[in-house]
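Subject: Structure handover and notes

Hi,

My notes follow below it.

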Amino acid sequence: MQRIVSRTRLRAGQESAYEEAHAAIPPELVDRLRGAGVSNWSIWRDGRDLVHLIEVEDYRAMRRSLADDPVNAAWQDVINPLLEADDDYSGSDDGIPLVWTLEGQA
């Protein structure tokens, strides 16, 4: 299981809309995320900055499987206008590099 941290940034004034969209994501999207190996996805917001913690079997495989998924595409059509930069699920993103963990040192 991988734990991936990533960041995104909201467009100015989109904080409430983003939180409203995430009050309950579509059940079909939950099914697609689970099917792509996601066990949990948490999002924190600090002003316009978003921090995502994704717990997933294989992050790159998850992104590949969702890249052309119509349910995910519909969700991105809702979310991307709220963000400063769209995520089209292409490329070889690995999230933010891990520097240190207490667990890893102990």
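How many bridges join E1 to E3, and do they run parallel or antiparallel? There are 8 bridges between E1 and E3, and these strands run antiparallel. Before going further, two words on the source: this is a predicted model, in which local features need pLDDT of at least 70 and side-chain atom pairs count only at pLDDT 80 or more, while totals for chains, interfaces and linings use all residues. Residues are numbered from 1 along each chain as its sequence is written, and side-chain values use heavy atoms, with hydrogens and water left out.

The strands

Helices (H or I, at least four residues) and strands (E, at least two) are DSSP runs numbered from the N terminus, and two strands pair if DSSP finds at least two bridges between them. E3 covers residues 49–56, E1 covers 2–9 and E2 covers 38–46. Thr8 stands opposite Leu50 in E3. E3 also pairs with E2, in the antiparallel sense and over 8 bridges. On that side, Trp41 stands opposite Ile54, and Trp44 has Val51 as its bridge partner. The hairpin of E2 and E3 has 2 residues between the strands, and Gly47 takes a positive phi near 65° there.

E3 has two faces: Leu50, His52, Ile54 and Val56 form the covered one, and Asp49, Val51, Leu53 and Glu55 the uncovered one. His52 has a relative accessible area of 6% and is therefore buried (buried means under 20% relative accessible area, exposed over 50%, partly exposed in between, with a 1.4 Å probe and protein chains only). The side chain of His52 makes a polar contact with the side chain of Thr8, at 2.8 Å. A polar contact here is a pair of N or O atoms within 3.5 Å; within protein, one must be able to donate a hydrogen and the other to accept it, and residues adjacent in sequence count only if both atoms are side-chain atoms. Not counting residues up to four places away in sequence, His52 touches several others, including Ile4, Tyr18, Trp41 and Ile43 (contact means heavy atoms within 4.5 Å).

Val5, in strand E1, is partly exposed, with a relative accessible area of 29%. Val5 and Leu53 are 48 residues apart in sequence, yet their C-alpha atoms are 4.7 Å apart in space. Leaving aside neighbours within four places in sequence, Val5 is in contact with Val51, His52, Leu53, Gly95 and Ile96.

The helices

Tyr59, Met62, Arg63 and Leu66 are the buried residues I would point to in H3, which spans residues 59–67. They cover an arc of only 95° around the axis, which puts them on the same side of H3; the arc is that of the directions from the helix axis to the C-beta atoms. Among the elements covering them are E1, H2, E2, E3 and H4.

H4 can be described in a similar way. Asn72, Trp75, Gln76 and Ile79 are buried, and their arc of only 100° around the axis puts them on the same side of H4. Pro70 and Asp77, on the other side of H4, are exposed. The cover over the buried residues of H4 includes H1, H2 and H3.

Asp69 lies in the loop between H3 and H4 and counts as buried at 11% relative accessibility. Asp69 caps the N-terminal end of H4, with a side-chain oxygen 2.8 Å from the backbone nitrogen of Val71. A polar atom of the Asp69 side chain also lies 3.0 Å from the backbone nitrogen of Asn72.

The largest pocket

About 660 Å³ of space lies in the largest pocket. Of its 30 lining residues, the closest to the centre are His22, Trp41, Ile43, His52 and Tyr89. E1, H2, E2, E3, H3 and H4 each give two or more residues to the lining, and E2 gives the most, with 5 residues.

Grid points are joined across faces, edges and corners, and the volume is the space filled by probe spheres set on the points.

Best wishes

Terms used. 1 Å grid on protein atoms, 1.4 Å probe; cavity = no way out; pocket = protein on both sides within 12 Å on 5 of 7 lines; lining within 4 Å.
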